[in-house]
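I have kept each point to one region or one kind of packing.

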Amino acid sequence: ASGTHVSQAKPALWPPQAPMHTEEAVKNLNEVVSCFYSQFVHPRPNSIVDCGCISTCRTKGGRPKFGRFTPATNNIAPDNAFERLFAVWVILLAMGVFSSFISSITATVSSLRASQAKQFHERAALLRFFCERNLSADLFGKVNEVLRKEGMFQVRIQEQEVGLIKGIPETLLQQLHEEMYMSLMAHLPFWPEWAYGEDMHFLRIVCHFAMKEHIAKPMQDAFLPGRCSPEALIIETGHMCYIPAGSTRDIVVGEGDILCLASLWAEWQYHGRLTASYGSANYVGINSVTFCQLATEHGGPLWQYLQIFGILLLGLLESSGNAITDLIYKSSLMELGPRAEKYAAVFNARNARTKGFSRSQSGSKESITWSKNMVQTLETFEKFGSQSLGA
């Protein structure tokens with residue numbers, strides 16, 4: 001009895017009503033909006049609002065009908081020629097847009113399948129190559145890791161990849177190379193100040209004929225020890241790792257650093273390894289043979305200055321003993337530049353007294369006589385300079 005008394009004492013709303021579901025809420029909102037549209041936006045006689053028959057749009061369970069705005073529950077049709085033309089135009093436009101959308105999706109899926117199939121065959125060929133030769137799994141893992149990271153870094157487009165550049169006139173191509181490489185030429189600190197004046201043409205032709213850009217992808221080697229160096233290198237962007245031969249110490253080289261500079265004056269072999277361990281990097285090479293030919297054809301005081309600077313640079317490298325590396329620090333080059341310029345001034349003064357030489361007449365190498373009996377060591381340079389100044 002007590003249990004019955006407790007149950008009768010419960011409120012009329014017990015148990016609590018379940019919360020309204022999302023579908024039911026959408027149905028109710030749809031009903032209200034449809035009634036508002038019928039009454040205020042597009043009123044019609046004998047509508048459900050006018051006759052007070054809102055309840056007739058509900059089902060027997062008291063829930064609003066779903067889909068009032070769908071074409072199945074509305075008598076929607078064009079009434080005149082303009083509406084029919086508009087309906088036809090919308091259908092045709094929708095067909096065109098839908099067909100182009102489907103075709104683009106189909107083309108994209110086809111290209112993805114083709115690229116994936118190509119990658120699969122390449123990976124299978126690589127795995128077969130290692131398996132047929134019984135190579136180590138550790139080496140295969142390293143190679144696979146490098147190949148996996150290769151596409152994760154954005155590589156800028158190079159000049160040889162742009163076919164239209166090959167068809168432009170030579171004057172514009174020379175101007176293009178000047179704007180590309182002249183700023184990198186300034187990283188070479190051995191150029192005298194007067195070289196940017198009357199010898200500016202020589203710097204332009206070096207940029208045009210002797211310089212070329214290179215790119216090192218992640219974990220790719222720029223050079224290895226023991227090979228002959230055909231060009232001097234200037235790091236343009238990025239960072240690379242240089243490891244001297246016989247050493248485990250890593251040297252990080254970055255923008256503006258110079259390597260293998262001695263190859264411009266002598267046959268040079270790499271004395272270390274340069275690799276892109278910190279992502280992709282861009283560097284520019286100066287071809288040694290082309291640089292020497294251009295300097296010889298240009299002649300003049302600059303040609304003589306470069307010869308003296310090369311002798312001083314090679315002497316500095318020889319005096320360093322076994323600690324010869326490809327990396328050249330700018331501080332040492334800045335010390336050699338003024339010395340080479342002083343010796344070149346002494347030689348120019350001597351030739352001016354003996355043969356009437358002047359810089360304005362130095363258009364070719366014949367304007368300066370470079371004898372084999374001239375001094376070739378630093379001590380002779382000093383002795384010759386002191387005798388000339390004393391005279």
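1. Throughout this note, buried means under 20% relative accessible area and exposed means over 50%, with partly exposed in between, for a 1.4 Å probe and protein chains only. The model is a predicted one, in which local features need pLDDT of at least 70 and side-chain atom pairs count only at pLDDT 80 or more, while totals for chains, interfaces and linings use all residues. Residues are numbered from 1 along each chain as its sequence is written, and side-chain values use heavy atoms, with hydrogens and water left out.

2. On the chain as a whole, the secondary structure amounts to 10 helices and nine strands, where helices (H or I, at least four residues) and strands (E, at least two) are DSSP runs numbered from the N terminus. Of the 391 residues in the chain, 31% are buried. The accessible surface is about 25300 Å², and carbon and sulfur atoms account for 59% of it; such areas come from the Shrake-Rupley method with a 1.4 Å probe, and for residues only the protein chains shown count as cover. A contact here means heavy atoms within 4.5 Å, and among the contacts between residues at least 6 apart in sequence, 75% join residues at least 24 apart.

3. Pro244 belongs to strand 4 (residues 240–244), and with a relative accessible area of 8% it is buried. Leaving out residues up to four places away in sequence, Pro244 touches Arg249, Ile251, His271, Gly272 and Thr325. The C-alpha atoms of Pro244 and Ala323 are 9.1 Å apart, although 79 residues separate the two along the chain.

4. Helix 5 (residues 170–185) and helix 6 (residues 200–210) have axes that come within 7 Å and cross at roughly 100°, which makes helix 5 roughly perpendicular to helix 6. Axes are lines fitted to C-alpha atoms, for helices over the stretch in contact, and angles run from 0 to 180 degrees between N-to-C directions; angles under 35 degrees count as roughly parallel, over 145 as roughly antiparallel, 65 to 115 as roughly perpendicular, and the rest as oblique. Helix 5 contributes Glu170, Leu173, Gln174, His177, Glu178, Tyr181, Met182 and Met185, which meet Met200, Leu203, Arg204, Ile205, Val206, Cys207 and His208 of helix 6. By class, this contact has nine nonpolar, three polar and three charged residues, with Ala, Val, Leu, Ile, Met, Phe, Trp, Tyr, Cys and Pro taken as nonpolar, Asp, Glu, Lys and Arg as charged, and the others, Gly among them, as polar.

5. How many of the 11 residues of helix 6 are buried? Eight are, so helix 6 is largely enclosed by the rest of the structure. The buried residues are Met200, Phe202, Leu203, Ile205, Val206, Cys207, His208 and Ala210, and they pack against helix 5, strand 1 (211–216), strand 8 (281–287), helix 7 and helix 8.

6. Helix 7 and helix 8 (residues 300–319) pack with their axes 7 Å apart at an angle of about 135°, which makes helix 7 oblique to helix 8. Phe291, Ala295, Thr296 and His298 of helix 7 make this contact with Gly300, Leu302, Trp303 and Leu306 of helix 8. Five nonpolar and three polar residues take part in the contact, and no charged residues.

7. Ser288 lies in helix 7 (residues 288–298) and is buried, at a relative accessible area of 7%. A polar atom of the Ser288 side chain is 2.9 Å from the backbone oxygen of Ser263. Apart from neighbours within four places in sequence, Ser288 is in contact with Ser229, Pro230, Glu231, Ala232, Ser263 and Leu264.

8. Gln158, in the loop between helix 4 (137–150) and helix 5, counts as buried at 13% relative accessibility. Not counting residues up to four places away in sequence, Gln158 touches Glu213, His214 and Ile215.

9. Two backbone values deserve a check. Met219, in the loop between strand 1 and strand 2 (221–223), has a positive phi of about 65° although it is not a glycine, and at 43% relative accessibility Met219 is partly exposed. Cys260 has a positive phi near 60°, also as a residue other than glycine; Cys260 sits in the loop between strand 6 (258–259) and strand 7 (272–275) and is buried, with a relative accessible area of 1%.

Terms used: Polar contact = N/O pair within 3.5 Å; in protein donor to acceptor, adjacent residues only side chain to side chain.
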